Amino acid sequence: MTSQTHDKVVIVGGGPAGTAAAAELARHGLKSVIIDEAPKLGGVIYRGPLRQTDSLPHLDDNLKRAMTALQTRYQAHSDSIEVKTQTRVLGPEGSNQLLLSDNSGLSRQPYGHLILATGCHERSVPFPGWQLPGVMLLGGVQLQLKSGLVRPGQRMALVGTGPLLPLVACQLHKAGVDVVGVYEASPFAKLAKEAVALLNKPKLTLSGMSMMSYLKKHKIPFKYGWGIVSAQGKEQLNSIQVAPYDSQWRAQRDLAQQVDVDAIGVGYGFVARTQLAMLLGLDHHYSKVSGYVPVLDEWHQSQNHEAFVVGDSNGLLGADAAICEGQLAALRLAWQCGKITESQLSARSTKVKNKLARIKKFRFGFDRFSDRQSGLLSLAQPETVVCRCEQVRREQLDKAIAQGVKDITSLKMRTRIGMGDCQGKTCSSYALDYLHQAGLTENIGVIKPRFPLDPIPFTLME
Amino acid sequence: MKSLKRTRDITPLPSRNFKITVDDQPVDACEGETVLSVLLAANYARVMENDRNVASGAYCGMGVCHCCQVKINAKHKQRACQTLVEPQMSVETLTNRFKEEGIKHD
Ligand code: FES
């Protein structure tokens, strides 16, 4: 085991939020360590290709610019930023230390200050057939396009909600995939209502419109108010059923259509990744959009523990907001460490806060548009598996609730949901929604994260 | 021995590449790739068989769902999406200890 001095700021996560925080700290003379699971900084959104390539024909210029900007932001301050890639945080150890694992074994990372920028993961919505090989989450599809440079399928459809749908559809098409349909759960009329909110980010709105016209030009059907019903295939996916959704996103099954595909991307939203924040003991509260998120002050600092939480791990606002939040936390920390004066803090942070406010208005427009409706929960039939690791079926949840289970921990003990390898990351948002739908809203709790957050291979213990 | 063909690459593999084996069949791979990308490039959708004997493919692609676990260099339960390829790596799909050792769930 190795230990290092702990005057440094330790940042968990090297996506837009973590990298922006590190750069801002460096600007004020503070050194930091970024820890990231991936082989490269950038986060899921801006990591870019992991292997060598001469061109990225399938990615648009905006994305390429943003990827470069993140690398530049880091490069300009690389002397002050230590980067530990392919390194996982297993959890807190003692006070002011994290336990890490990488290829060479376990190590401890002491910290003077902690910034969590752990991002988010995708929300799973179980439907019949969702376990079939070929069914992927939308971000997983995109990672293969952007970082793997591989087409995850040859004939694909996308189902879900939100701005990622047209974006990934364009990327897939440019990568040579036959995109046979894109199904957005929310109706167009609802998007039109958000016009004012969307004007807070006119450039983004315009680029969204140009994506829609790209799809139109290439005759890729984009249907508002439609969504997944089920997936079919014997050993792997070969078709899906899609249907119009009503205003509650209940699938109108009698109008279902079959679409032949060999892979799909499913994207009905995200959940903040807060396992580490929970293990550290930060207070959390529930938000419908983001799941359980830490309680923070205006600088993104938790009061019951001095850690900062920035980016999607404290609520889903996307990369631009993540950058602002990383900067705000870094500025506050620079002030707390006596590196900048109060007036410098307020001068620089006002600009960032204003920008963040604009992004939020835009983003909240999309959140209202993509607000998931209860119909999604009824896609899973009684026999549909809702927890993949433990193969727990929906009817087992029904039975447990009928027998009086009122919170997620009892649900877990009764049915084994969340007990498998993924520790509930895949099934728990559905389980929470399901309990809420059953009228249980008080003290439901969360599937408590366990230490270690990632399995420790036996080989590392020898 | 028959090599696996990569048919799903968006841009060509760099000239400096190496071989790994997937289910004993050689396939081209290059530095920086994940095992999952190689599997998908070679048209694999079915990747893992879990402890409850259900086959699955990669689902989240980012290390969260544990639906892509394969045997790598004789070690079970390695996430294909989180492991970078190395020369001579051997990957086995659709296998796990429960199956290999005949362990049964009660
Ligand atoms: S695909 Fe989810 S962990 Fe690898």
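Tutor: A crossing is left-handed if the near helix is turned anticlockwise from the far one by less than a right angle, and right-handed if clockwise. Helices here are DSSP runs of H or I with at least four residues, strands are runs of E with at least two, and both are numbered from the N terminus. By that rule, α5(A) passes α8(A) in a left-handed crossing. The model is predicted: local features need pLDDT of at least 70, side-chain atom pairs count only at pLDDT 80 or more, and totals for chains, interfaces and linings use all residues. Residues are numbered from 1 along each chain as its sequence is written, chains are lettered from A and ligands numbered from 1 in the order in which they are written, and side-chain values use heavy atoms, with hydrogens and water left out.

Student: Why is α5(A) called oblique to α8(A)?

Tutor: Axes are lines fitted to C-alpha atoms, for helices over the stretch in contact, and angles run from 0 to 180 degrees between N-to-C directions. Angles under 35 degrees count as roughly parallel, over 145 as roughly antiparallel, 65 to 115 as roughly perpendicular and the rest as oblique. The axes of α5 (residues 164-174) and α8 (residues 202-217) of chain A come within 9 Å and cross at roughly 45°. That angle makes α5(A) oblique to α8(A).

Student: What makes α12(A) and α14(A) oblique to each other?

Tutor: Helices α12 (residues 394-402) and α14 (residues 428-437) of chain A pack at about 40°, with their axes 12 Å apart. The pair is therefore oblique. Here α12(A) passes α14(A) in a right-handed crossing.

Student: Why is Arg416(A) called partly exposed?

Tutor: Buried means under 20% relative accessible area, exposed over 50%, and partly exposed in between (1.4 Å probe, protein chains only). Arg416(A) has a relative accessible area of 39%, so it is partly exposed. This residue lies in the loop between α13 (408-415) and α14 of chain A, and has a positive phi of about 75° although it is not a glycine.

Student: What makes Asn43(B) count as partly exposed?

Tutor: Its relative accessibility is 43%, and therefore Asn43(B) counts as partly exposed. Asn43(B) sits in the loop between α1 and β3 (48-49) of chain B, and its phi is near 75°, a positive value in a residue other than glycine.

Student: What is the omega of the cis peptide bond that joins Phe451(A) and Pro452(A)?

Tutor: Omega is about -5° for that bond. Pro452(A) is in the segment after α14 of chain A. Most peptide bonds are trans.
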